[in-house]
Amino acid sequence: MFISGLPVRKNSPEILLINPWIHDFAAYDFWAKPVGLLTLASILRQHGLNVSYMDCLDRFHHNMPKTDPHARNGRGPYLKTRALNPEGLHDVNRNFSRYGIKKRWFIEDLRATPRPDLVLVTSLMTYWYPGVKETIEIIKEIFPKTPLILGGIYATLCYSHALQQSGADIVVKGQGIEELLELTKKLTGFTPVNKQGGPEFNADILDTYPYPAFDLQHQVNYVPLITSKGCPFACSYCASNFLNPGFKQRSPESVIQEIEYWHKKYKVKDFVFYDDALLVNSANHAVPMLEGIIKKGYNICFHTPNAIHMREITETNAILMFKAGFRTLRLGLETTLFEDRSSIDRKVTEYDFKKAVTCLKSAGFKKNNTGAYLLAGLPGQTIDSVKASIKTVKQTGITPIIAYYTPIPHTEMWSRAVASSRYDLESDPIFTNKAILPCRLDPFSWETISSFKKLVFS
Ligand code: B12
Ligand code: SF4
């Protein structure tokens, strides 16, 4: 991997990349960046195209108040504007909002931009599609003649829905990099050629990817890292295998070089691992990578909001993670009812759980920075089972963190979710929002959620 920073080229097509708004009951910049879209920006730039970027979730837009008093390690709240609850969710007693920059700022920014030759829009959570739709509607009003391609996770998981509802001219599913280069050629008449001079780009070899173009942001306050793609496990509630089939890792050296690049050039101190399986094959991947990071001696921190595998934690990698500066550690535990868990996943045994906690504690990790995710709201799950897991995690001296279940199409659990939900999940992705607990079992309710919170903090 390397940075693609070619100068603006005359006569090359202009590609505008856009990160859309989020419409939801709640949203927070919990180290969330559109890494996929910014990687495409870099690949296109490397192939001789001119790219520009607009982020509807920009917390550092020029119209925003200058200081963000809530920013910690780069995290912080999005601006929000009240929106109407979507059709079918009027009964939910919570306010729906559009998160991100004001609509008129986005319109002004688009109007100030020369007409692009192609617009690319990304998408993340399936249930955030109303934000994607509104973003596309506005782009289409301002640039009606410019072709617009939608890609990303919603586009991949809900392809037919996106084709019918998003307003995009073309929807690309999957990783879509080669398809995008072909479409760019077809739609702009320009043949993308790798101009970087570095290693020839190969979509299957992660070390040949340029670094995501975080330099297009107004601020580079933290950097998400992807050191691998895919996951060797196959949990019934997760779409990792569908989104990224197979399991690939970067070389530890290329990750160390990327960290060095962002730290030296942009003074970045917070790095966030987005991997689904950071610690898998640890002896050849995480261990040399962490050793290399420690050797550099930088004053930097690491965070794993997407969770790491408990069964892969060893004495060695726990010590290295601590020494390297891992400050927010999240563990994928989901439940402590180990004897019943084979119907949902096989990723942690009771032995793995206990061993991992012991290794982490003896490495120096403390309760306040070590959290184990517990899934709540799974089809058929009882309230007592979630409470029992909270209690068990607390007894071990780490922090339980409740994550609410979102049903995801193309996962093994999807059919169970559809059968158990009080909503027609297949009719509209909006009903898969975790905030409405789509598969909760009665008497699961808002009071139940408060009781979980009380138990966590008691
Ligand atoms: C990192 C991550 C997070 C981060 C934040 C990510 C972010 N950017 O905001 C954190 C940890 C905060 C997070 C939180 C959650 N996440 Co999450 N997350 C991921 C993860 C692991 C990676 C996403 C990512 O950035 N990938 C990296 C880039 C490179 O890939 P990409 O975006 O897909 O882009 C590629 C292609 O899609 C394509 N592409 C992208 N855009 C475009 C545009 C065009 C035009 C084209 C042609 C192509 C294209 O090109 C890229 C090529 O590499 C995915 C799983 C996965 N492996 O994808 C889950 C995933 C997206 N999360 C998921 C879930 C469930 C959650 C939570 C709800 C968990 C919970 N219960 O609390 C929360 C929700 C947070 C919220 N605010 O509501 C689900 C999705 C659920 C859904 N209904 O859609 C996923 C799929 C995991 C799963 N369980 O299966 N998540
Ligand atoms: S281990 Fe994690 S990333 Fe892998 S399939 Fe299970 S939930 Fe998904």
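**Buried residues and enclosed space in a predicted model**

In this predicted model, the largest cavity is lined by Asn19, Asp29, Ala32, Lys33, Pro34, Asp55, Leu57 and Tyr78.

Me: Why is His47 called buried?
Reply: Buried means under 20% relative accessible area. His47 has 7% relative accessibility, so His47 counts as buried. His47 is found in the loop between helix H1 (35-46) and strand E3 (50-55). Leaving aside neighbours within four places in sequence, the contacts of His47 include Leu181, Phe190 and Phe201.

Me: Why does Trp31 count as buried?
Reply: The cut-off is again under 20%. Trp31 stands at 1% relative accessibility and therefore counts as buried. This residue lies in the loop between strand E2 (22-24) and H1.

Me: What is the phi of Trp31, which is not a glycine?
Reply: Trp31 has a positive phi of about 60°. Most residues other than glycine have a negative phi.

Me: Why does Ala307 count as buried?
Reply: At 12% relative accessibility, Ala307 counts as buried, because buried means under 20%. Ala307 lies in the loop between strand E13 (301-303) and helix H10 (315-324). Although not a glycine, Ala307 has a positive phi of about 75°.

Definitions and conventions
Residues numbered from 1 in each chain as written. Chains lettered and ligands numbered in written order. Predicted model: local features only at pLDDT ≥ 70, side-chain atom pairs only at ≥ 80, totals over all residues. Heavy atoms only, no water. 1 Å grid on protein atoms, 1.4 Å probe; cavity = no way out; pocket = protein on both sides within 12 Å on 5 of 7 lines; lining within 4 Å. Helix = DSSP H or I, 4+ residues; strand = E, 2+ residues; numbered from the N terminus. Buried < 20%, exposed > 50% of the residue type's maximum accessible area, 1.4 Å probe, protein only. Contact = heavy atoms within 4.5 Å.
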